[in-house]
There are 2 protein chains.
Amino acid sequence: MHTRTVFVISDGTGITAETFGTALMSQFDITPRFVRLPFVDTVDKAHQALRQINHTAEVEGKKPIVFTTLVSPEAMALLKSQCKGLLMDMFGTFVQPLEDELALKSQHRVGRFSDISQSKEYLGRIEAINYTIAHDDGQTHRDLSGADVILVGVSRSGKTPTSLYLAMQFGLKVANYPLIPEDFERRKLPPALEPIRKKLFGLTIDPQRLSEIRNERRPDSRYASLQNCRYEVAEAEAMMRRAGVPWLSSTHKSIEEISTTVLQLVLPQHLNSGASH
Amino acid sequence: MHTRTVFVISDGTGITAETFGTALMSQFDITPRFVRLPFVDTVDKAHQALRQINHTAEVEGKKPIVFTTLVSPEAMALLKSQCKGLLMDMFGTFVQPLEDELALKSQHRVGRFSDISQSKEYLGRIEAINYTIAHDDGQTHRDLSGADVILVGVSRSGKTPTSLYLAMQFGLKVANYPLIPEDFERRKLPPALEPIRKKLFGLTIDPQRLSEIRNERRPDSRYASLQNCRYEVAEAEAMMRRAGVPWLSSTHKSIEEISTTVLQLVLPQHLNSGASH
C-alpha cells in the first residue's frame with residue numbers, strides 16, 4: 001500500500017524529473033506511488049493536471065508531493081496559486097540563481113527535446129546504439145577499431161547491458177566480446193582483439209553469482225556448474241592481468257555504476273565534456 | 001569555447017544530476033563545459049573536489065556552477081563553507097520541505113544504487129534488456145506473447161532504439177518486428193503477430209527521412225530509393241489502420257518522447273506506478 005502519491009509534471013517527457021524524484025523519495029522510509037504527467041505544454045493541460053492533483057489530495061486526505069519542471073510562467077503561476085499538493089519547482093528553484101550568476105535571462109524553452117531528433121548529438125547517440133547492437137557478443141569483427149571501448153569477459157558477466165547503457169546514455173560506440181574456453185586453452189586473447197588491445201575493458205563476476213545467473217538460462221548444465229564458472233572466471237582474470245587489460249567486478253554494481261567506472265578508468269574525457277546528452 | 005564550467009558532484013554516479021543539470025543549463029544561451037565528479041563518498045574526496053572547483057574558479061576568473069547531490073551532511077558543510085562556485089544543492093533543497101511534510105527524517109543514505117544490483121526491480125530491468133535484444137528485428141518468435149509491447153514498422157523506422165530505451169528505462173520486455181514487402185503483398189500482418197495483435201504498437205516515419213537514413217546504410221539501392229520508401233510507408237500505414245494498430249510518427253521525436261507516448265497510448269499503468277527505476 002502506498003503511503004503518498006507523488007506527481008511529476010513536465011512539459012516534456014518528465015523522465016529526468018521522475019528519476020530525480022525517485023532518488024529523493026528513496027531517502028524516506030515510505031512507499032510512494034508515482035504518477036507522471038508528461039507533455040503538459042498548455043495552460044489547459046496544466047488545468048487538467050491541477051484537477052487531478054487536487055482530487056487526489058481530497059480523496060487521500062494528504063498533500064500529494066508535486067515535482068514540476070514546467071518552464072511556462074503561466075502554468076507555474078496556476079499551480080502555485082491553486083495546487084493543494086506540496087509543490088517542488090525543480091526548474092524555477094535553480095533558474096533564478098543561475099540568471100543572477102550568469103547575468104542572462106533564461107529562455108523559458110518548453111520541451112527540452114523539441115528539436116533534438118535531427119541534432120548531431122542525438123543522431124550520434126542513435127548511431128552508437130546501432131553500432132553497439134551490431135557488435136554485441138562478438139557478432140562481427142567489422143570495424144571493431146571504430147569502437148570507443150570493447151568490453152570483454154566470460155559469458156553472462158554483464159557485458160551486453162553495460163554496452164547498451166554506455167551507448168544510450170553517453171553516445172559511445174561499444175563492442176563486446178566474449179572470452180571463451182577456447183581462448184583459455186590457447187592462453188591468449190581472441191586474435192581479433194590483439195590489434196585493439198588498448199581499447200579493451202574487462203568485466204568479471206563472482207563465480208557463485210555467475211553460476212546462479214547461468215542456471216536460470218541452462219539449468220544443471222556443465223556451462224552453469226559452479227566448478228566450470230570458477231574455472232572460467234579464474235582463467236579470464238588471469239588472462240586480463242597478463243594482457244594488462246583494466247577490469248572490475250560487476251557482482252555488486254548497477255550498470256550505471258559499472259559504466260561510470262569504465263569512463264573513469266578508460267574514457268575520462270567523457271566525464272569531462274560539453275553537455276553530451 | 002565554453003563560457004562556463006559546470007561541476008556535478010555526487011556520492012553516486014551523478015548521472016541523474018548531470019542529465020538534470022544539462023536540461024537546466026540548456027535554458028541559457030551559453031556553452032557550458034560539464035565536469036562530472038562521481039563517487040564523492042568520503043570527506044576526503046569532497047576535499048579533492050573542492051580543490052578542483054576552487055582552482056577552476058581562480059583560473060577562469062568566473063564562479064563555476066556546482067550541482068551537488070551529496071547526502072552526507074559533513075561533505076555538504078565543507079562545500080558550503082569553502083566552495084568558490086555557485087552551489088546548487090539539488091538534494092538538500094528538496095529534502096527539508098519533504099521532511100516537514102512527511103513528518104519523517106531522511107535517511108541520508110549515501111549512494112542510491114548501493115544495493116541495487118540484487119534488487120528485484122534491477123534484475124527485472126536486466127531481464128527486460130536481455131529479452132529485448134533477443135527479440136530485436138523479429139529474430140525469434142519464441143515467447144513473443146511474453147512481451148509487454150511489440151513495436152512494428154518498416155525497416156529503419158526507429159523500432160530498435162525505442163525498444164531498448166523502453167527496456168532500459170522502464171524495465172519493459174519489448175519485441176520489435178519488421179513489416180516487409182512480403183507482408184504488403186499479402187496485405188496482412190505477419191502471421192506470428194496475429195495472436196498478439198493487441199500488444200502491437202506501430203512506428204512510422206516520413207518517407208523522405210527514411211530514404212536519407214537508408215541511403216547512409218545502402219547508398220543508391222532500391223531499398224533506399226524515395227519511391228520505394230514512399231511505397232513501404234504507405235502500405236505499412238494502411239496495414240496498421242486496417243488492423244487497428246495504434247501508431248505514431250518517429251520523424252521529429254526523440255526516443256524518450258516516442259517511449260513516453262507508447263506508454264500513454266498502450267501501457268498507461270507504467271506512467272502511474274510505484275517507483276519503477
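Student: What makes up the secondary structure of chain A?

Tutor: Chain A has ten helices and nine strands; helices (H or I, at least four residues) and strands (E, at least two) are DSSP runs, numbered from the N terminus. The model is predicted: local features need pLDDT of at least 70, side-chain atom pairs count only at pLDDT 80 or more, and totals for chains, interfaces and linings use all residues. Residues are numbered from 1 along each chain as its sequence is written, while chains are lettered from A and ligands numbered from 1 in the order in which they are written.

Student: What sets chain A apart from a compact globule of 277 residues?

Tutor: The radius of gyration is taken over C-alpha atoms, and the globule rule is 2.2 Å times the number of residues to the power 0.38. For 277 residues a compact globule would come near 19 Å, but chain A has 24 Å. Along its principal axes, the C-alpha trace of chain A spans about 70 × 45 × 30 Å.

Student: Why is A:Pro219 called exposed?

Tutor: A residue is exposed if 12 or fewer other C-beta atoms, placed from the backbone, lie within 10 Å of its own, buried if 20 or more do, and partly exposed in between. A:Pro219 has 8 C-beta neighbours inside 10 Å, and therefore counts as exposed. A:Pro219 belongs to the loop between α8 (207-217) and α9 (226-243) of chain A. Of the 277 residues of chain A, 45% count as buried.

Student: How do you know on which side of α4(A) the buried residues lie?

Tutor: The buried residues are A:Phe94, A:Leu98 and A:Leu102. Around the axis they cover an arc of only 55°, which puts them on the same side of α4(A); the arc is that of the directions from the helix axis to the C-beta atoms. On the other side of α4(A), A:Gln96 and A:Asp100 are exposed. The buried residues of α4(A) pack against β1 (4-9), α1 (15-25), β3 (65-68) and β4 (86-89) of chain B.

Student: What makes the buried residues of α5(B) line one face of the helix?

Tutor: They are B:Arg125, B:Ala128, B:Ile129, B:Tyr131 and B:Thr132. Seen down the axis of α5(B), these residues fall within an arc of 165°, so they line one face. Their cover includes α6 of chain A, together with α6 (159-170) and β6 (174-178) of chain B.

Student: How many residues of each chain form the contact between chain A and chain B?

Tutor: Two residues are in contact if their C-beta atoms, placed from the backbone, lie within 7 Å. By that rule, 67 residues of chain A are in contact with 67 residues of chain B. On the side of chain A that touches chain B, α1(A) gives the most, with eight residues.

Student: Why are the copies said to meet through the same surface?

Tutor: Of the interface residues of chain A, 100% are also interface residues in chain B, so the copies meet through the same surface.

Student: How do you know what kind of axis relates the two copies?

Tutor: Copies are superposed by least squares on the C-alpha atoms of residues with pLDDT of at least 70 in both. A rotation of 180° with 0.0 Å of shift along its axis superposes chain A on chain B, with an RMSD of 0.0 Å. The two copies are thus related as by a two-fold rotation axis. Of the residues of chain A, A:Thr16 comes closest to the rotation axis, at 3.4 Å (C-alpha).
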